[in-house]
Amino acid sequence: MKLSLIICTRNRASSLTPCLQSIAKAHRRLNVDLVDVELIAVDNASSDATQAVIEAFAQRQSFPVRYVQAPVPGLSRARNIGVKASSGEWLAFTDDDCIVRPHYFLRLQARLDVRRFQYGMASIVRYNELDDPRIAQCQIEKESLIAKGTRILPAGTIQGANMFMHRSVFDQCGLFDEALGAGTPFPCEDIDLACRASRSGFTGALLPDPIVYHDHGRRTGSAEAQQTLESYDAGRGAYYAKLLINGTPEIWDLWRRSFEYFKDKKQFSRELIAAGEYLAQASLSPGPNRAN
Amino acid sequence: MRCLDSVKAAYDPSVELELVVADNGSTDDTKAVVDRFAGEAGFEVRYVYAEKPGGSHARNRGVEASSAEMLIFTDDDCLLRGDYFSEFARTVDLDQFQYGMGQLLRHNKADDIRVAHKAISNLRLIPAHTRVLATGLIHSANMFCHRRVLDRCGLFDENMGAGTPFPCEDIELASRASRAGFVGALLPSIVVFHDHGRRTGSLEARKTIESYDLGRGAYYAKLLTEDMHEIWAHWAVSFSRSNDLGALSRELLAASQYLALAAEQRAPQKPAKPGVGKKRTGRPHPG
């Protein structure tokens, strides 16, 4: 199996090393006869020492580490450049503030099975106990599949901090939507692509491992944590709005149920604002990824 | 001034008329104009000053200052047709309907017909207990309402209307009236000419029309806060027909703004005052 791990980073040179080192450590554990790994490190317009850090790291590794530049800021753009620069049949994604467990590549190699599923995610655990558990944390107890053709994947089902896609998903469904994702108001580029994959007939998987630790630093109770949580509402709104205008009238029903359920109308209000903002953008330009 | 002149020209002495002018914080000579007019009108004229900006706020102060049983609303850029009051007296029928509107026509043919315009060919009733009234059905530029409707349903929502982002205070009030069991009517014979000046194809016309989407969104949001969950289905149908992304975008933005505003007003984010004592019950302390 040939696996490409794609990491995008921007101005985190001083804290990038733990992430890179965890990948090197995981690589030392794997059986090179069974899996070929390449790391694509995408530098998203950093102005610090990111390039030097990555290139120094690359030189010390026995496996291919490619430094690639994504000059226009935006996580989706960076990821797409990474996808295009990669050559693996499976593409894995994690974030530059993540630390992969040493079993990362071993477990991917053991679990990934294109005959059974073609996209998915595995567990994400916060690295620091002080961090807010509601942020980018997803512990999966046991493996389950998402039936192909599932029309709506609930927001949060697939998260980019520990995600994998078979290349055929990109070939058929296109890349990450560059109107979404970190750097835009709508952090939902991961679930958007996964949902497109599902609607194209691909099966998804939620796996308990490999585990990735997320050192996001959003301390419980902090203003940053609150901002991040609010951005999830915005991502959800844009994601559902995009589905709505792509032939999914069931979204109205979903909103009806959400509205009745949400005691906190301000949270729902943020979701609708983002939906409105996303649609305002969409009304000005059709956008690249209106598939399915 | 022309608006007032048209009221005087339409005056029918067989109708007991009181004109209430609600001045929404004017800094020009509006009061002087009204006073001069009152001196020569031939009917009762009351002047009310409402300092806080907001069309609904001003209108509500006008309602509070008024004394008649039947209330008619129009705007300061409107002209009543010469037979307005006599036709009103002839057609109004409280047994049949208790609120509604008349025709609202362009005064100037160069004005955009999509802006605040309503042509009515035949008298039409809006059944009591109609849950959702379509926006555009009732315009405050030529609207009437019996006082008991306001007594039962409340006044105009001051979060809506001129001076707010949401021009829907008229349909929103009508909606409350309908749900309370009142019947509405669209009357062809009471006519107001609207001199709004939004020329066809102008930027102002487009902005005004876009503001109607904002009003619709806020109106839907308010209905949602009143547990009218069928609004979602209503919204779905209207979007599937129009497929107008821009309009839906504005509706959603306004709905969310209104929801946030309503949530804020229900539970204002005020910091708790320290050292607030316990409520006195009036009973003597034991021991």
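## Two crossing helices in chain B

In this predicted model, helix H7 (residues 203-225) and helix H9 (residues 245-266) of chain B have axes that come within 7 Å and cross at roughly 45°. Axes here are lines fitted to C-alpha atoms over the stretch in contact, with angles from 0 to 180 degrees between N-to-C directions; helices are DSSP runs of H or I with at least four residues, numbered from the N terminus. H7(B) is therefore oblique to H9(B), a label for angles that are not under 35 degrees (roughly parallel), over 145 (roughly antiparallel) or 65 to 115 (roughly perpendicular).

Contact means C-beta atoms, placed from the backbone, within 7 Å. Among the residues that meet are Leu214(B), Tyr220(B) and Ala221(B) in H7(B), and Leu252(B), Leu253(B) and Tyr258(B) in H9(B). The contact has 12 nonpolar, two polar and six charged residues; Ala, Val, Leu, Ile, Met, Phe, Trp, Tyr, Cys and Pro count as nonpolar, Asp, Glu, Lys and Arg as charged, and the others, Gly among them, as polar.

## Where the chains meet

Turning to the interface, 20 residues of chain A are in contact with 19 residues of chain B. On the chain A side, H8 (250-261) and H9 (265-284) each supply at least two residues, and H9(A) gives the most, with 12.

## Domains of chain A

An automatic or database assignment divides chain A into domain 1 (2-214) and domain 2 (223-284). Their C-alpha centres lie 25 Å apart, and the contact takes 15 residues from domain 1 and 19 residues from domain 2.

## Reading notes

Residues are numbered from 1 along each chain as its sequence is written, while chains are lettered from A and ligands numbered from 1 in the order in which they are written. Local features need pLDDT of at least 70 and side-chain atom pairs count only at pLDDT 80 or more, whereas totals for chains, interfaces and linings use all residues.

Key. Two residues are in contact if their C-beta atoms, placed from the backbone, lie within 7 Å.
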